[in-house]
Amino acid sequence: MWKFSLAAAMAIVCLVAAQPSGAADAIVLYSTDFKGYPGGSLLDWLRSKHFIPKQDADNKSKIALSIQDEALVLEAKKRALGLLLNETDVPGAKRIRIEWEVGAFPEGVSYDQGIRSEPIMVYTFFGSDKISSGSMLVPDSPYFIGLFLCEAGRTDHPYTGRYFKAGGRYVCANVVKAGERIITEFDIGDAVKSYFKLGEIPPVSGFAIGIDTDNAKGNATAKSYIRKIEYLN
């Protein structure tokens, strides 16, 4: 099993659903949510659900994790970069469905202007082959697509970052307002084939939930909520 470390790289208002025709016939292959938290150490409970904290995710002075209204809350208190990595294989997955919300956007971010931070991102990793990061200092990674919610900008556009230009893309799935709870459904199968010019879809080999305010302006704070992640055929 491949191992990926982010340290190496880097009031509900309404319910909106983005579901193409045929989605109703899809089968849920894998689902995780944040119901049933019994109290006590949240990180231990997340580990029991196969989430491993990376970078600042376990640094309480930078990132506060909590459960509210059966949602996992990620809050950056200052400039921070955190990831919860789950190395669950989901063979046959072609779509992802996420129920999530932004509580507060980091200040001054814009992927189009190269100021790249986000209150929440859900990464999906594909296959076990390591694709070059583009730097000798940054370990390689499987192909990945990171979906995030943005305050403004282009949706469904595959942005590249400083590293992983050959194997990573970042996509604003929906433009939302703070406090807007949304369900996003995204065709990761067609996307990974199109973005990386692949003949077939590599199997999903893991996913992660991240928050990043490293490049934000001002006090670099942000807050987000995630309730459920599902992978469908």
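Predicted model: local features only at pLDDT ≥ 70, side-chain atom pairs only at ≥ 80, totals over all residues.

**Entry 1: an exposed loop residue**

I started with Asp 69, which counts as exposed because its relative accessibility is 56% (exposed means over 50% relative accessible area, buried under 20% and partly exposed in between, with a 1.4 Å probe and protein chains only). I found Asp 69 in the loop between β4 (63-68) and β5 (71-76); strands here are DSSP runs of E with at least two residues, numbered from the N terminus. Its phi is positive, about 50 degrees, although Asp 69 is not a glycine.

Residues are numbered from 1 along each chain as its sequence is written, and side-chain values use heavy atoms, with hydrogens and water left out.

**Entry 2: aromatic pairs**

How many aromatic pairs does the structure hold? I noted 15. Rings of Phe, Tyr and Trp (its six-membered ring) pair if their centres lie within 6.5 Å; planes under 30 degrees apart count as stacked, over 60 as edge-to-face and the rest as tilted.

I looked up Tyr 111 and Tyr 170: the ring centres are 6.5 Å apart and the planes stand at 55 degrees, so I logged the pair as tilted. It links distant parts of the chain, with Tyr 111 in the loop between β7 (95-104) and β8 (118-131) and Tyr 170 in strand β10 (residues 168-175), 59 residues apart. Both Tyr 111 and Tyr 170 are buried.

Next came Phe 144 and Phe 164, an edge-to-face pair with 5.5 Å centre to centre and 75 degrees between the planes. Phe 144 sits in strand β9 (residues 141-150) and Phe 164 in the loop between β9 and β10, so this pair ties together parts 20 residues apart in sequence. Phe 144 is buried at a relative accessible area of 1%, and for Phe 164 I also wrote down buried, 1%. Phe 164 has a positive phi near 60 degrees, in a residue other than glycine.

I also noted one aromatic cluster, whose members include Tyr 123, Phe 125 and Phe 148.

**Entry 3: strand β6**

Why is β6 (residues 81-86) largely enclosed by the rest of the structure? Six of its six residues are buried, so that is how I recorded it. Leu 81, Leu 83 and Leu 85 point one way from β6, and Gly 82, Leu 84 and Asn 86 the other way.

For its neighbours, I used the rule that two strands pair if DSSP finds at least two bridges between them. Strand β3 (residues 52-55) pairs with β6 in the antiparallel sense over four bridges, and Lys 54 has Leu 83 as its bridge partner in β6. Six bridges join β6 to strand β12 (residues 204-212), also antiparallel.
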